[in-house]
Amino acid sequence: MVKCYHCGESCDKSIATDEKYFCCDGCKFVYQLLQENGLCNYYELSSRPGIKVKGKFSSDRFAYLDNEEVKSKLLRFDDGKQSQVSFHLPQMHCASCIWLLENLHTIDAGILYSKTNFQRKDISVAFNSSKTSLRKIVELLAFVGYEPYISLNDGEKKKNRKINRGKIFKIGVAGFCFSNIMMLSFPEYFSSGNIGHDSLKNTFTYLNLALSLPVLFYCASEFFVSAWKGLRQKWLNIDAPIAVAILVAFGRSVYEILSGTGAGYLDSMSGIVLFMLVGRWFQDKTYDSFSFDRDYKSYFPLGVTILKEDGEQTSTISALKRGDKILVRQNEMIPADAVIMKGEGNIDYSFVSGENTPVQKNQGELVYAGGKQTGSMIEMEVVKPVEQSYITQLWNNNDAFAEQKNKDKSFVHPWSRYFTLVLFSIAGCAAIYWAFTDTTKIWPAVTASLIVACPCSLLLSATFTFGNMLRQFGKNKLYLKNSSVIEALAKINTIVFDKTGTLTHSAQAIVVYEGKELNSNEIAMAYSLTKESVHPLSRVIKKDLLKRYNTEPLSITDFKEFPGKGIAGVIDSNLVKMGSWQFVNDDDPANEFSGSGYVFLSINHEYKGVFKITNQYRDGINDMVHDLSARKNELHLLSGDNDAEKNNLQKIFGKNAVIRFKQSPQDKQEYISRLRKNDCDAEIMMLGDGLNDAGALKQADVGIAVSENTSQFSPASDAIMDSSVVHKLSAFINYAKAGKRIVLLSFILSILYNVVGLSFAVQALLSPLVAAILMPASSITIVAFVTLASAWVAKKKGL
Amino acid sequence: MSVLIILIVVSILVAGGFLAAFIWSVKKGQYDDDYTPSVRMLFDDKPLPDTTTSLKSKQK
């Protein structure tokens, strides 16, 4: 057995050129194109980098890109000569990809340059519109395996997408001011406040004051804005004490400097601002190439072919009206709920339900939007426009709920409020004490307490712990939408699974052959036949036969594919048929073992046997389920399938788990809301993969989209999980729980620092030097502590 | 001691220069993508085979 030179898939030796073997003609053509253009470096940068070209490439597929309206929506810049466009290419995965994509201009001379952003998986292309066209570029990209992801959403949003760099500017400015203020404060520290020359002292302090202005007015602005917003809603949020600390520190410093009584605490103040900004920036790490907020628009293609009296016409999908006749070609998605007028539908709903086997639909039957046509071209009449289709409705049902989820739930907020209250009462006590003993010390004691006890170390511990955990999760292929998901994850006590694609492999399957024994020639026949087809079941059987018998293909003539029925071909004048029972047995009435996932084989009208294809459970599912139930989680399983697997599942999940079959998307969603109503303490996690789980994912406290290929589409969710790590679920939850403990520990640490600081402050002894040492020291130790602790715990939990 | 004041002013000006350079580089988008350039710089410019170079020169 050899591996395809282009994509690395196991294959036979039938397709070869230049002593290199390929799995299919598609891969070979790509290789030839690259070779002609001297781009074979592609294969040297990483081994077998290619992407298998999926299905056949119909030439009209991108015809809508010639439509002026579509063009104007996609192009970012166009002056008649030069145009610029950028695409999302989910297939981009290695250095070779970057190299090839940036050398596109050697293949198409009309392309001026192309530039990739690997982390976003974006490419921006500038091209000469008189030499090439948008459609040609997309076709070229699709041909070499990087089909751009163009959706309805792109057309609407593309133009106002801008990268927010405000935070980086603020950090830069704060860093600059902080370090210079520190430097200018050193003489003050070392002379313990008695610099001999007045002129020097004045220069230092006034320069400090000048440097602190941008920190106060520019860098710290977001704390004031957020604190003010909270106060207006009568809510003391975590930014309020920070804003108070900054203002008090600045106010006292200005007073001291202007009155010439001291140097102020400007160094501490700008330090607070810098550390807080860095902390927030660290926590706000996002995964650029993922999109967690996809709505239905991201799933639909941008263009559609409408049949009018005067012929075919391409149009944008939003212009689609009820009663329009549309053409759907092979591998195109059905954009709206529609009735088949002409042709035979063979609809692949894997996108919607996670189910791999295409469903056959005949003329006059209603087909829901979101399915992919796998057979030949069909003509359809639109019943409902895109905005009202079944999937869209499902999606929009619970937007209101999803918006308020996980907001302001963080346990850090109540803590910060207690902290603020305790702080004010300590400052108050100090004021009362000094009022009776030495009135001149009221002012220094109160202001110093407010400055030194700023809850910034409290906040830093949360931001850095969660920021670091976000990265640890990411390393283990669980990508969280933001850090508030970690806290929600720690509370989970009810877990709802979807079966297909979540617990089972959706691509890998076990093939069992039953029937008359096949000799090697017959195996080769079955192999050669399945090799011609792109139907998912054929591909599964083909892979299995190749792996097991390492066969070589035979030449085949008269290959025909009958959508929804099977495939047939002539090999050495033997008629070989594979497919449904009726199909291979020449319209014999149905027998006892028919069903989806069964592929029958007959040679020369003689029935040979059946390939039974069943989904395979992922590794480690058993252990994970045991671990989860041992930790007192309530487990539920909702499956869209029939109950064939019931006994197996009950064995894995135990007797107490609720297992339901034949659940529609609506059922799943309602099931979750019922769970919530019946038990107010239930914190629900939902794991699902298809669009049919989208409603349930949104309804749950934590919705995790499980994806075979994380770069591909996934429904809106709180987290995206690579399907290879599903078995680590309980480790993930434990880690999230440990994270909360780390934050609590570092709170205690920061409170110890505060006790030390406050003990100086209430005695009115806090010199700028003590403040300047104490504050950065506490910040740095806390950051170091939480970073090390979260990394160590991750290792201990096996992540 | 007035020389100290001059030195301080100079040092702040130098630091300000670096700050300006930083802001300029952020604005230019140098921090937008911190991965791809690290790969891109390792690509060799291979000499193109004669056929393609001649084709290219014809087009020009």
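This is a predicted model: local features need pLDDT of at least 70, side-chain atom pairs count only at pLDDT 80 or more; totals for chains, interfaces and linings use all residues.
In chain A, the axes of α8(A) and helix α11 (residues 266–283) approach within 10 Å and cross at roughly 35 degrees. The crossing in which α8(A) passes α11(A) is left-handed. On the α8(A) side, the meeting residues are A:Asn208, A:Leu209, A:Ser212, A:Val215 and A:Cys219, and they face A:Leu266, A:Met269, A:Ser270, A:Val273 and A:Leu277 of α11(A). By class, this contact of α8(A) with α11(A) consists of seven nonpolar, three polar and no charged residues.

Helix α8 of chain A also holds a proline, A:Pro214. Is A:Pro214 buried, partly exposed or exposed? With 16 other C-beta atoms within 10 Å, A:Pro214 counts as partly exposed, because the buried class requires 20 or more such atoms and the exposed class 12 or fewer. Leaving aside residues up to four places away in sequence, A:Pro214 touches A:Val173, A:Cys177 and A:Cys219. Of these, A:Cys219 is also among the α8(A) residues that meet α11(A). A:Asp701 lies 487 residues from A:Pro214 along the chain, and the C-alpha atoms of the two are separated by 41 Å.

Chain B has three helices and zero strands, and its elements follow the order α-α-α from the N terminus on. Of the 60 residues in chain B, 2% are buried. Chain A, by contrast, contains 28 helices and 30 strands, and 43% of its 799 residues count as buried. Among the contacts in chain A between residues at least 6 apart in sequence, 66% join residues at least 24 apart.

Two further features of chain A deserve attention. One is helix α27 (residues 729–762), which has 34 residues. From its first C-alpha to its last, α27 of chain A reaches 49 Å, close to the 50 Å expected at 1.5 Å a residue. Just after α27(A), A:Ala764 adopts a positive phi of about 60 degrees.

The other is an open sheet of three strands in chain A, ordered β14-β13-β16 with antiparallel pairing. The edges of this sheet are β14 (359–361) and β16 (372–373) of chain A; each has a single partner strand, so one side of each is left without a neighbour in the sheet. Strands of a sheet pair through backbone hydrogen bonds, in either a parallel or an antiparallel manner. Here, strand β13 (residues 345–348) of chain A and β14(A) pair in the antiparallel sense over three bridges. Within the sheet, A:Ile347 stands opposite A:Val359 in β14(A).

Conventions
Residues are numbered from 1 along each chain as its sequence is written. Chains are lettered from A and ligands numbered from 1 in the order in which they are written. Helices (H or I, at least four residues) and strands (E, at least two) are DSSP runs, numbered from the N terminus. Two residues are in contact if their C-beta atoms, placed from the backbone, lie within 7 Å. The expected span of a helix is 1.5 Å times one less than its number of residues. Axes are lines fitted to C-alpha atoms, for helices over the stretch in contact, and angles run from 0 to 180 degrees between N-to-C directions. A crossing is left-handed if the near helix is turned anticlockwise from the far one by less than a right angle, and right-handed if clockwise. Ala, Val, Leu, Ile, Met, Phe, Trp, Tyr, Cys and Pro count as nonpolar, Asp, Glu, Lys and Arg as charged, and the others, Gly among them, as polar. Two strands pair if DSSP finds at least two bridges between them.
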